[in-house]
Amino acid sequence: MFDNVQREDLTAYELILAEQLRQSQGMELIASENYQSPAVLEAQSSHFANKYSEGTPGRRYYGGQENTDKIEQLAIDRAKAIFKADHANVQALSGAAANVCVYAALMEPGDTILGMDLTHGGHLTHGAPVTFLSKVFNFQRYKTKPDGKIDFEQVRALAHEYKPKMILAGFSAYPRELEYEKFAEIAKEVGAIAYADISHIGGLVAAGVLKNPLDYGFHAMMTTTHKSLRWPRGALILSKGTVSNPLKKPEDTIENIPTRIDRSVFPGVQWWPHMNTICAIAVALHEAQTPAFKAYGEQTLKNAKILAQEFLNRWYKLVTGGTDNHMIIVDFSGTGLDGSIAEKALDKIWISTSKSTIPDDPNPPFKPSGLRIGMPAMTTRGVKEADTQKIADFMDRAFKNHENDEALENIKQEVKEFCKKFPVPGIVI
């Protein structure tokens, strides 16, 4: 493998091998990362990468589209079936780009969007003041209660005060299942569009182990195609409603959401879809329909709950006190540690995680009080409950020895031996 790269560019080849070694002998606990299957990786490297395909199936602006139309339609049909959607757009280049496309489709500049505060678990694209989007739309932000769970009394109060055109349910650092029925009820009360960003939990929704927002009155939702889905890097925009005449500008109605989204993705926000990625997404969607994928989703939840309990048993504090999904967030406030120190200690033992804010975090963004940990990637590699207990032990010892490089080096060797039992899909070292 990579023989051609080795002949053409030895420097790049050596970096590829170094990354394979890091992934194989190290442990991936970043909640947004995962491993693609060999079949998906092969599809992403296919000759669809050579093809321009501006437009949508059957309505392209270049010739030679008989195969691109078929592969994109295959991805669309599979996405609709898995997520029980009336419509799917598979062209968005990333989750952030997909959110921009949805806002552009359903909002006008200056419209109000009610989303989750970044410091309480939301995402930058949900209205963080540092983003360009916050200059285009009037974002109002709801927060969590002292127990770390969403304050729906505040959500309702803000919705009735600001009359948002959209209420957004979604997160990047929230370890509980969302109560979609409450969001949908509040959206209905104020006449808002109910929109869900399920990027982190898309794989768990696809596996049927977490709730699907479209089953609870949501009009549209978006998921990235990596993270818990373990697919290529892209996004799906899924919605209820019917596609109207794509050649005419649709009316701004709930029923026309699918057409409005398609026209927003192209030509509104982006132009040429990456057909090799869409091909790989189609293959991954096929994998997601298998019993093995459902078993992966179930095991991910089991592992995350075991990890949370292991930390609680060791007297660590967790945001919301536990988890309902694939992630936990350790709260180091008042301990002498912070998320940055913890992340760096784990890097030294070849365990990758990500620092995270906690609700109303007194610390600055690059030294936040929390650490976000996710179990999808290691579950993909075959980790079970007893293995997860061992992972918790590695991490606990690293935190307690974060200033002792000799101790950390010894733990790293243990981690590397542990990881040999759980090969990364498609990598042979």
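In the predicted model, helix α7 (residues 152–162) packs with helix α8 (residues 180–190) at an angle of about 20°, the two axes lying 9 Å apart. Because angles under 35 degrees count as roughly parallel, α7 and α8 are roughly parallel to each other, and their crossing is right-handed. On the α7 side the contact is made by Phe152, Val155, Arg156, Ala159 and His160, which meet Lys182, Phe183, Glu185, Ile186, Glu189 and Val190 of α8. Sorted by class, the residues of this contact comprise six nonpolar, one polar and four charged.

Backbone geometry was examined next. The peptide bond that leads from Phe266 to Pro267 is cis, with omega near 10°, and Pro267 has its place in helix α10, which spans residues 257–269.

Positive phi values in residues other than glycine occur at Trp315, where phi is near 70°, and at Thr320, where phi is about 70°. Trp315 is found in the loop between α12 (291–313) and β11 (317–318), whereas Thr320 lies in the loop that runs between β11 and β12 (327–331). As to solvent accessibility, Trp315 has a relative accessible area of 80% and is therefore exposed, the cut-off for this class being over 50%. Thr320, by contrast, has a relative accessible area of 10% and is therefore buried, since buried means under 20%.

Methods:
Residues are numbered from 1 along each chain as its sequence is written. This is a predicted model: local features need pLDDT of at least 70, side-chain atom pairs count only at pLDDT 80 or more; totals for chains, interfaces and linings use all residues. Side-chain values use heavy atoms; hydrogens and water are left out. Axes are lines fitted to C-alpha atoms, for helices over the stretch in contact, and angles run from 0 to 180 degrees between N-to-C directions. Helices (H or I, at least four residues) and strands (E, at least two) are DSSP runs, numbered from the N terminus. Angles under 35 degrees count as roughly parallel, over 145 as roughly antiparallel, 65 to 115 as roughly perpendicular and the rest as oblique. A crossing is left-handed if the near helix is turned anticlockwise from the far one by less than a right angle, and right-handed if clockwise. Contact means heavy atoms within 4.5 Å. Ala, Val, Leu, Ile, Met, Phe, Trp, Tyr, Cys and Pro count as nonpolar, Asp, Glu, Lys and Arg as charged, and the others, Gly among them, as polar. Buried means under 20% relative accessible area, exposed over 50%, partly exposed in between (1.4 Å probe, protein chains only).
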